[in-house]
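Let's take a walk through this fold together. Have the sequence and the 3D view ready, and follow along from one element to the next.

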Amino acid sequence: PGFDLVRDAISAGIRVESIPGPSAFVSALILSGLPSHAFTFIGYLPQKEKARVHALQKLIHEPRTLIFYESPYRIQKTLKDMFEVFGDRQASVSREMTKKFEETIRGKLSDIIGALAGRKILGEWAIVVQGHESS
């Protein structure tokens, strides 16, 4: 129920922080500003591109918010695969939550891909992607 408040705070430019819990994916979900009343935690996707794309294709019509973990070595490839499979959905990526270098990037998948382009990627990431919205 608090996602409305988080979304409004983000829209108003107010910094949002999450108090740590037992799992990084919960903090990433809260920080995302995406619906938190119904979500599914996927975890790590397969490392090989073909298997990763196949796993994402199974989730195309999932209406719940989707949460993934990804390594710094594959995050850019995974985000590009998500863009190709899901389209330009709202998403966020978070790393180092509750630590000195905490970072969350929010926006459409294309925005996040652009924000990470050319950067040295450090740390494990949590990716939160908007669920499928039926027309």
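This is a predicted model: local features need pLDDT of at least 70, side-chain atom pairs count only at pLDDT 80 or more; totals for chains, interfaces and linings use all residues.

Residues are numbered from 1 along each chain as its sequence is written, and side-chain values use heavy atoms, with hydrogens and water left out.

Helices and strands here are DSSP runs, numbered from the N terminus (H or I of at least four residues for helices, E of at least two for strands).

Which residues of α4 are buried? They are I75, T78, L79, D81, M82, V85 and F86, where buried means under 20% relative accessible area, exposed means over 50% and partly exposed lies in between (1.4 Å probe, protein chains only). Seen down the helix axis, these buried residues fall within an arc of 160°, so they line one face of α4; the arc is that of the directions from the helix axis to the C-beta atoms. An α-helix has 3.6 residues a turn, so residues three or four places apart point the same way. On the face turned away from the buried side of α4 you will find the exposed residues K77 and E84. The cover over the buried residues includes α3 (49-57), β2, β3, α5 and β5. After the helix comes G87, with a positive phi near 85°.

A nonpolar core is a set of buried Ala, Val, Leu, Ile, Met, Phe, Trp, Tyr and Cys residues joined through side-chain atoms within 4.5 Å. The largest one has 21 residues, and F68, L79 and M82 have the most contacts inside it. Contact means heavy atoms within 4.5 Å. Leaving out residues up to four places away in sequence, L79 touches V93, L109, I112, I113, L116 and I127. With that same exclusion, M82 is in contact with L45, L56, F68, G87, L109, I127 and V129, and at 0% relative accessibility M82 counts as buried. A second, separate core of 13 residues includes F25, L31, L34 and M97.

Next, the strands. β1 (residues 39-44) and β2 run parallel, joined by 5 bridges; strands pair if DSSP finds at least two bridges between them. In this pair, T40 stands opposite L66 of β2. The chain passes from β1 through α3 to β2 in a right-handed β-α-β crossover, meaning that, with the strands pointing away from the viewer, the path from the first strand over the helix to the second runs clockwise.

Finally, two single residues. S92 lies in strand β3 and is buried, with a relative accessible area of 0%. Its contacts beyond four places in sequence include A28, S32, T104 and I127. V16 sits in the loop between α1 (3-11) and α2 (24-32), and is buried at 15% relative accessible area. The C-alpha atoms of V16 and L31 are separated by 6.6 Å, although the two are 15 residues apart along the chain.
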